[in-house]
Amino acid sequence: MSMQITIRKRLVSRDRQFALDIGFESDSHRIAMFGPSGSGKTLTLRAIAGLLAPESGRIVLNGRTLFDSESGIDLPPQERRVAYLFQDYALFPHLTVAQNIAFGLNHGWRNPRRRELPPEAAHWVDAFGLREIVNQYPSEISGGQKQRVALARALAPKPDIVLLDEPFSALDPALRTRMREELLSLQANLEVPMVVISHDPQDVEILGDHVLEIREGRIFGSGTGKRHPPVYAPLPAHVA
Amino acid sequence: MTFRTLPFLRRTACVGAALALTVAAPSAFAADLVVSAAASLTNAFKTLAEQYEHAHPDTKVVLNFGASDVLMQQIVKGAPADVFASADQTAMDKAEAEKVVQSASRKDFAANQVVLIVPQDSKLGIGSLKDLTRADVKRVAYGNPSSVPVGRYTKGALEAEGLWDAVAAKGVPAQNVRQSLDYVARGEVDAGFVFATDAAIMPEKVKVAVRVPNRTPVTYPIAVTTQTKQAQQATSFVQYVLSAEGQAVLAKFGFQKP
Amino acid sequence: MDAVWVPLLLSLKVAGWATLLNAILGVAAAYAISRWRSSARDVVDAILTLPLVLPPTVLGYYLLVLVGRRGVFGAWLDRIGIELVFTWQGAVLASTVVAFPLVLKSARAAFEGVDHQLENAARVLGVSETGIFFRVTLPMALRGISAGVVLAFARALGEFGATLMVAGNLPGRTQTLSVAIYEAVQAGDDNTANLLVLVTSVTCIVLLVVAGRLVPPAARGVGEVYERRAFRREAVGK
């Protein structure tokens, strides 16, 4: 899986200015983006997913152009085949776990039925051990279960890439370790590339083959393998 | 510092104070004379009131127009009217029965005629009351007989010719005679019953089709209320209406002698 | 009993139609306004909310000017055979206009309260914008919208001033409960007036209770409800 990303965007809110200026390429299936809060990690993911429009740049996944400001291409999020795991999961509170997971399998006007579970959804329900809570509502399940439901929902439509926004931030350390391992084995079993963003160095170490360090809207550290980029290193030049 | 920059509570207090001032504005004049008069007397009584105030500078005449029965109801329920002028005897009889007017002061002061009017540009060619039963006459306005004198006169006249049921089926009851006039003036109805004096107000919008013969004479009584706090002024006003000057004003608007 | 039954059924019919129209128009307008990115949208919202602020008789007058036989649209309506003045359809028009802002305001607030993150999640999952409206936005806004619709129905049921202007007081055809009460009072018929008032009040209470049951429960999972209990600041007993 190959990925070429350049994103440039200026954001102004009241008296704050923020300039996002990201550029990187990768062939890895396991990309980790690492940086402090407010550094632009989430914005980058949103741009890839199509929820944020860059002022200029290119987003190409596996040879498929999702965005190119020069040629005017800008695919709507619906067509990008990108999966997004939101930081607070964004589960639909008015739908059951089963309906949530099956949500992306049907793009029409009707929600999945409560008592039915399409096979693609059933596969993930079993893979994550969610059978017992299949008819519960998101408000009735635990944080770890919510995370798995969100992941199942994201994976069911067979996306081209999965973006995970601080996937473990709301979990306790023990659960975090377990979920990290689950995600690790998932990465090994699936062909789907993943981009994980986190401010936790351990997440990055375990889940990332290609690690990008991002600060103040720019990338200035990029490494592969088990190299640890120094935490909060002084600001060097822009790395493409 | 502008209004907008004031903290919320102070802004609310400012608005509240402004509202309170408008409400606290002084109300009724010391020597206010409240006259409840039938809707058909609107124009005539406005002129009469002006002239009366001219002759009696210390009095302000407050006029209240509406359907006679409704005015009577208001007085029965305690409305502070000093004089009541009705468009038919029935309403005044009801008032007397409820003991809200002084029988001794009751006098007839004008007479009128009921007419059938049509919109000025009407092409229906209505020439008689019977024409109202034609299929191409779809809507006829008249005052609601249960509460409006002109409605009662209308019903009486139509019943006399056996036409009431047919006309009532396509009837549009109005709250008072002026509303009946308005319906015709707007062209919302094909014809309507009003007083001759009402038709005379809008010659450019309505024209008289039939002068309705009355079974009972259309006479207007006036009286002083029993609850009045200004009996002298009230009586004085009634006398003015009956005087030569008052009658002249009424005649100018098309009213006849009682 | 006819004097009560006929106006009651007419009132329910008129209010029912008016509320149905408002549910559709109000929700559509509220959604459009809530998504519109322009400073003009507050002006449009204010104009659409005017019927709530204007006296009903003024509204009735404006409607008459528009749809009366000599009105702006009156001639055209006449030609295509639509009669609004002095008809129950005219009463529906008056009630719809008067109650419209109630649905508009509630629905707009409800739509703006929907978590954008959820809509974004649906987008990324591939659902079309229309699909998102029916599957995510509308269900999440339904509670607020329902409250507005119930209010609109109650308002339509009690509508008087504008209705009287446009539809008149034709017994059996446009004499709704409120107009019937007005006429009874005018004619001095207190007995009928009292009966009608009683019937109207009971009907409204029953409707509001039923409507309250129908409003969907709050979207599950908005935190734990705080349970007030009898607090104690000192130890009891020994």
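Select chains A and C together; in this predicted model, 22 residues of chain A are in contact with 20 residues of chain C. Then highlight residues 82-85 of chain A, which form strand E7. This strand supplies three residues to the side of chain A that touches chain C, the largest share from any element. Colour that side of chain A by residue class: 15 residues are nonpolar and seven are polar, with no charged residue among them.

Stay on chain A and colour by pLDDT. The chain average is 86, and 93% of the residues score at least 70. Now select residues 230-240 of chain A, where the pLDDT is below 50. In the model this stretch has 13 contacts beyond near neighbours in sequence.

Residues 33-111 plus 219-253 are domain 1 of chain B, while residues 114-211 are domain 2. The C-alpha centres of these two domains of chain B are 26 Å apart.

Where do the two domains of chain B touch? Contacts link 16 residues of domain 1 of chain B with 15 residues of domain 2 of chain B. On the domain 1 side, show helix H2 (42-55), helix H3 (68-76) and helix H4 (89-97) of chain B; each supplies at least two residues of the side that touches domain 2. The largest share, three residues, comes from H3(B). Colour this side of domain 1 of chain B by class to find seven nonpolar, seven polar and two charged residues.

Notes: Residues are numbered from 1 along each chain as its sequence is written. Chains are lettered from A and ligands numbered from 1 in the order in which they are written. This is a predicted model: local features need pLDDT of at least 70, side-chain atom pairs count only at pLDDT 80 or more; totals for chains, interfaces and linings use all residues. Two residues are in contact if their C-beta atoms, placed from the backbone, lie within 7 Å. Helices (H or I, at least four residues) and strands (E, at least two) are DSSP runs, numbered from the N terminus. Ala, Val, Leu, Ile, Met, Phe, Trp, Tyr, Cys and Pro count as nonpolar, Asp, Glu, Lys and Arg as charged, and the others, Gly among them, as polar. pLDDT is the predictor's confidence in each residue, from 0 to 100. Domain bounds come from an automatic or database domain assignment.
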